[in-house]
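Me: I have a structure here and some quick questions. Can we go through it together?
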Amino acid sequence: MGIGLLLLGNDILVDTLTEGGTGSESSDHDMPSYYPDRLEAGTLNIPGILGLKAGLDFVRSRGTANILDKERAWIKRLHRYLSQMDNIEVYGDYNGDNFAPVLSFTVKGRDSEEVARHLAESFGICVRSGLHCAPLAHETMGTIDRGTVRISPSVFTTDNDMKILINSLRNMG
């Protein structure tokens, strides 16, 4: 099952991918010519629709700017702490407000996949590791042989989450 959103102008008619079972024109062999019924063959993904609505309601209630500000604040804090550690190298410029709330780093003497596995298995911290589908960026940074660890705190990240991450990396010498 999946969920998504498709915005179309009133005069655009998209070809159907699957057909049958709309519930609104059950006797027709063809899909209706009106939306959303035209693209709704089979049983709707009601849990996905309700989940998407809940997510949109959450973002609207918090505000995208507030969410982004909180995530950037986590990255600035993480950058400040990690930059002071001798065993960590941080990549990127996190001064000002012109950056995505994502931070890449390496632990000296450790492969990025090893660091990610350690964080996940020992502390339940999920990060991405490797080349992140960007080999040219890693060639430029000099990390093509080991990749980086990439973390992106969210609006749900807590102070305790951040303390656990920082302490776990501090002890990974």
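**Surface, pockets and salt bridges**

Reply: Let's start with Ile49, which counts as partly exposed because its relative accessibility is 35%. Keep in mind that this is a predicted model.

Me: Where is the place of Ile49?

Reply: Ile49 sits in helix H1, residues 46-62.

Me: Which residues form a nonpolar patch on the surface?

Reply: Ile49 is one of them.

Me: How many residues line the largest pocket, and which lie nearest its centre?

Reply: The lining has 20 residues. Nearest the centre are Gly4, Leu6, Pro36, Leu39 and Glu40. By class, the lining of this pocket splits into 12 nonpolar, five polar and three charged residues.

Me: And how much space lies in the second largest pocket?

Reply: That one holds about 230 Å³. Its lining has 13 residues, and Ile125, Cys126, Ile151, Thr157 and Asp161 are the closest to its centre.

Me: Which helix gives the most to the lining of the second largest pocket?

Reply: Helix H5, residues 159-170, with four residues. The lining of the second largest pocket divides into eight nonpolar, four polar and one charged.

Me: On to salt bridges. What is the count?

Reply: The count is six salt bridges. Side chains of opposite charge can pair when their charged atoms come close.

Me: Which residue forms a salt bridge with Arg77?

Reply: Asp159 does, and the closest N and O atoms are 2.8 Å apart. Arg77 lies in helix H2 (residues 64-83) and Asp159 in helix H5, so this pair ties together parts that are 82 residues apart in sequence.

Me: Is Arg77 buried or exposed?

Reply: Arg77 counts as buried, because its relative accessibility is 17% and the cut-off for buried is under 20%.

Me: Which side chain meets Glu114 in a salt bridge?

Reply: Arg110, at 3.3 Å from N to O. Glu114 is partly exposed, at 31% relative accessible area. Arg110 is partly exposed too, at 25%.

Me: What about Asp145, which residue forms a salt bridge with it?

Reply: Arg146, with the closest N and O atoms 3.3 Å apart. Asp145 counts as exposed at 61% relative accessibility, whereas Arg146 counts as partly exposed at 24%.

Me: Which residues are linked in a network of salt bridges?

Reply: Lys53, Asp57 and Arg60.

Me: Last topic, the backbone. What is the phi of His132?

Reply: About 55 degrees, a positive value, although His132 is not a glycine. Cys133 also has a positive phi, near 55 degrees, and is a residue other than glycine.

Me: Where is the place of His132?

Reply: His132 is in the loop between strand E3 (128-130) and helix H4 (135-141). Cys133 lies in the loop between E3 and H4 as well.

Me: Is Cys133 buried or exposed?

Reply: Cys133 counts as exposed, at 81% relative accessibility. His132, by contrast, is buried, because its relative accessible area is 13% and buried means under 20%.

How values were computed
Residues numbered from 1 in each chain as written. Predicted model: local features only at pLDDT ≥ 70, side-chain atom pairs only at ≥ 80, totals over all residues. Heavy atoms only, no water. 1 Å grid on protein atoms, 1.4 Å probe; cavity = no way out; pocket = protein on both sides within 12 Å on 5 of 7 lines; lining within 4 Å. Nonpolar A, V, L, I, M, F, W, Y, C, P; charged D, E, K, R; others polar. Points joined across faces, edges and corners; volume = space filled by probe spheres on them. Helix = DSSP H or I, 4+ residues; strand = E, 2+ residues; numbered from the N terminus. Patch = residues over 30% accessible without salt bridge, like charges linked within 9 Å, V, L, I, M, F, W, Y side chains within 5 Å. Areas by Shrake-Rupley, 256 points an atom, 1.4 Å probe, with all protein chains shown as cover. Salt bridge = Lys/Arg side-chain N within 4 Å of Asp/Glu carboxyl O. Buried < 20%, exposed > 50% of the residue type's maximum accessible area, 1.4 Å probe, protein only.
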